[in-house]
Amino acid sequence: MIIFDCLMPNSCAEILRPSNAGRAKSLKVFYTGLLRVCNGLPKSTASSMDEIVRSASSLVDAAVMLGGVLVAPEHTVMQRLAERRIAPQVITAFDIQPFNNGWRYPTPRGAYRWKNADSKADPKYKWLDGKDDFYHVQDIASAIYNAGGACWFVSGEADVWAMQSAGIAHVISGYTEASVSKELPAYLESMGVTVLYIAPDLDQTGAGFAGKVARVLQESSIELDARQLPKELGDKGDIGKAWAIYTRRQTFERWLLGLPRFIPEPEPKPEPKALQVDAAIIPAGYRQLIADLLHATEYQGDGFTKKNVRCPFHNDGKHADASLHQEKGLYCHVCGRWFTWNETGIKAGAGSLRTWRMANTYALSTELREALIRDNKTNLARLLDAVAFKGWKAGREFTRKDAVTVCIDLLTAWTIRQALESLCGFFPSFSITSSMKEKTLINSKQTRPPKVYKLPELSELAGKLQVKQIHFDEIPAQKIKHAADYRAEVYAALPRRKAGQYARKTLTERIAVSARTGQSYDKRANLIVTPNIERRQLKPDEIADLPDKVYKNRKYNLWLEDENCKKYRPDKESIKRIAENGGGKVYRVIQSANSYKAG
Ligand SMILES: [Zn+2]
C-alpha cells in the first residue's frame with residue numbers, strides 16, 4: 001500500500017487501511033477507481049503523475065466517506081515520536097515498536113500496550129495482551145534512589161517517554177488520568193518515595209487527576225507537590241507538549257520545579273459500594289417482589305423454580321432460559337452465570353435492594369448499632385430498633401410520651417428518656433410553637449409545650465457516626481428488652497453471619513467491650529466457641545531458640561507440655577524441670593484464635 005504514498009494528497013503521509021467490512025468496501029472503491037484512472041492515462045509522464053495525484057485525492061475523499069480510515073505508514077509513525085522529541089535511546093529502552101498506526105510496547109510486568117499515534121483519535125490507548133498497574137523504567141527503584149526519594153507521577157506513557165527524554169528517569173504513570181490506583185501509596189513507599197511531584201494536564205481531567213492523587217496520598221507518608229503548567233501551553237497543554245517545545249538551557253526538571261506550586265483539594269471519597277448481597281441478608285419481601293416480576297411461581301426441592309423464567313439480562317425475550325433460586329438469586333443458562341438479587345432486582349424493575357430497603361423498612365445495620373454502642377448510646381440503638389419493630393418510618397415526629405406508649409412492652413420510660421437525650425446530641429428536638437397550640441397550652445395552663453423529636457434517616461445518622469452500612473442483621477424484638485442481651489446480639493452478628501476463626505479483639509473492639517465481657521456474650525448469644533490448639537513434639541533446634549526464662553505473670557499463647565500433659569512456660573528452665581521430673585517427650589503447644597459459629 002505504501003506504493004500509493006506518492007499518489008496521496010498532502011504529500012501522502014497516510015494510507016488507507018481496511019479494518020472492517022465498511023472500510024474494506026471503501027478501499028475497494030479506492031483501488032478500482034485508481035486502476036481506472038491509471039489505465040486511461042498515457043504511460044508514465046510527469047503530467048500524468050499530477051493527474052493521478054489529483055484523481056487519487058478525490059478517490060481518497062470518497063473512500064473516507066465510505067468509512068475508510070487514513071493510517072500513517074510505519075516510518076511516519078516513528079517520525080511522530082521524533083516530533084514529540086522522544087529520544088532514540090528512550091525508544092530503544094522502552095522497546096517502542098510501530099504497530100497499527102501507533103506504537104506497541106511492553107509494560108514492566110510484561111503486558112503489552114498500544115498507543116494511537118493520532119492523539120485526537122479514539123481509542124487513544126489499548127491493552128493488547130495482559131494488564132499492568134504502573135508504567136516506568138525497569139530499574140525505577142534506583143532512579144528514585146538517585147533522585148533522593150523524589151518521583152514524578154504523570155498522566156500517561158507518552159509523558160513518561162517525554163520525561164525520560166528530558167533526562168528524568170524517576171517518573172511513573174498509572175496509564176490513565178481518569179483514575180488513580182489505591183495501590184499507589186504502597187507502591188511508592190515500597191520504593192522509598194518521600195515526595196511525589198505532579199504537573200497535571202491543563203484540562204478538566206487534569207484538575208480531577210490532581211484531586212484523585214491527593215485523595216489516595218492523604219493517609220500516606222508521601223508529600224504531594226503539585227505544579228501548575230503555564231496556561232500558554234493552551235487547552236491541551238501537558239508535560240509532553242511542554243517538552244516538545246522546550247528550548248530553555250536549564251534542565252526540564254528544574255523548569256518544572258520552578259513552576260508555581262498549588263495544593264490540590266483531595267477528591268471526596270466515593271460513596272460506599274452497593275450492599276453486600278449474600279442471600280442471608282436479602283429480605284424475603286424483596287425476593288418475593290423479584291419472583292413476582294419474573295413470574296416465578298413454584299420452587300422444587302433443590303431451591304430452583306419448577307419452570308424456567310425469562311432472563312432480564314439478555315435480549316431474547318421469548319425464551320425462558322433462566323432459573324430462579326429462592327435464596328441464591330438468578331441463574332441464566334444462556335448468559336452462563338449467576339446474577340445477585342440486587343442486579344436482578346434492578347434489571348427486572350424492582351429497583352435496587354438499597355432503595356427497596358429504604359422504602360420498605362426502617363432497618364438498622366449492624367455497623368450502625370456497633371457505632372452507637374461504642375459511643376455509649378446503646379439505649380438509642382435499642383429505641384431505634386424498637387420503633388422500627390413497631391413500624392415507624394424516618395421523618396415521623398413524636399413526643400417522648402408517644403415513644404413510651406408504643407414501646408412499653410420493650411423499653412422502660414427511663415431507657416427511652418436516655419435514648420432521646422442521645423438522639424438530641426445528633427438531631428435537636430423542637431417544641432410545637434404554632435400559635436394555635438400555644439394558645440391552647442396557655443389556656444389549659446400547662447407549664448410548657450412537649451418536646452418533639454423527629455425519627456432520623458438512618459443513613460444520616462450513619463453519616464454523622466461515619467459508618468458504612470453494609471450488613472442488616474435482624475435482631476429479635478425480645479433481645480431489645482435488656483441492654484446486655486442487645487449488645488450480645490450485636491456482638492454475635494458477625495460470627496453468626498460468617499463462622500470462622502476470629503481474634504477475640506476483632507469481636508470485642510467492634511462494640512468496645514473487654515475480653516471478659518466478650519466471653520460472657522459468647523454464652524449469652526449462644527455462640528459455639530472452639531479453641532484452636534496445635535500440639536507437636538518440640539524439635540532439638542527449637543530448644544536452643546527458647547529464652548532462658550520467661551516470667552510468670554505474662555499470658556502466652558505458646559507453652560510446653562510433658563508426656564503427662566502438664567503445662568510449662570516456654571523457656572529453657574522448663575526443659576530442665578521436665579528433665580528433673582523424669583524427662584520424656586516435650587510438646588510445643590500453640591493456641592491460635594478461637595473458631596466461632598452460631599449455636
Ligand atoms: Zn441471560
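A nonpolar core is a set of buried Ala, Val, Leu, Ile, Met, Phe, Trp, Tyr and Cys residues joined through C-beta atoms within 7 Å; a residue is buried if 20 or more other C-beta atoms, placed from the backbone, lie within 10 Å of its own. The model is predicted: local features need pLDDT of at least 70, side-chain atom pairs count only at pLDDT 80 or more, and totals for chains, interfaces and linings use all residues. Residues are numbered from 1 along each chain as its sequence is written.

**Nonpolar cores**
- The largest nonpolar core has 45 residues, and Cys151 and Met163 have the most contacts inside it.
- Leaving aside residues up to four places away in sequence, Met163 touches Trp152, Val154, Ile168, Val171 and Ile239 (contact: C-beta atoms, placed from the backbone, within 7 Å).
- A second, separate core of 40 residues includes Leu364, Leu384, Ile480 and Tyr486.

**Sheet**
- Helices (H or I, at least four residues) and strands (E, at least two) are DSSP runs, numbered from the N terminus.
- An open sheet of 5 strands has the order E8-E7-E9-E10-E11, with mixed pairing (strands pair if DSSP finds at least two bridges between them).
- The edge strands, E8 (171-173) and E11 (261-262), each pair on one side only.
- Strand E10 (residues 223-227) pairs with E11 in the antiparallel sense over 2 bridges, and Arg227 has Arg261 in E11 as its bridge partner.

**Helix pair**
- The axes of H14 (residues 366-374) and H15 (residues 378-389) come within 7 Å and cross at roughly 145° (lines fitted to C-alpha atoms over the stretch in contact; angles run from 0 to 180 degrees between N-to-C directions).
- Arg369, Leu372 and Ile373 in H14 meet Thr378, Leu380 and Ala381 in H15.

Technical notes:
A residue is buried if 20 or more other C-beta atoms lie within 10 Å of its own, exposed if 12 or fewer, and partly exposed in between; C-beta atoms are placed from the backbone. Two residues are in contact if their C-beta atoms, placed from the backbone, lie within 7 Å.
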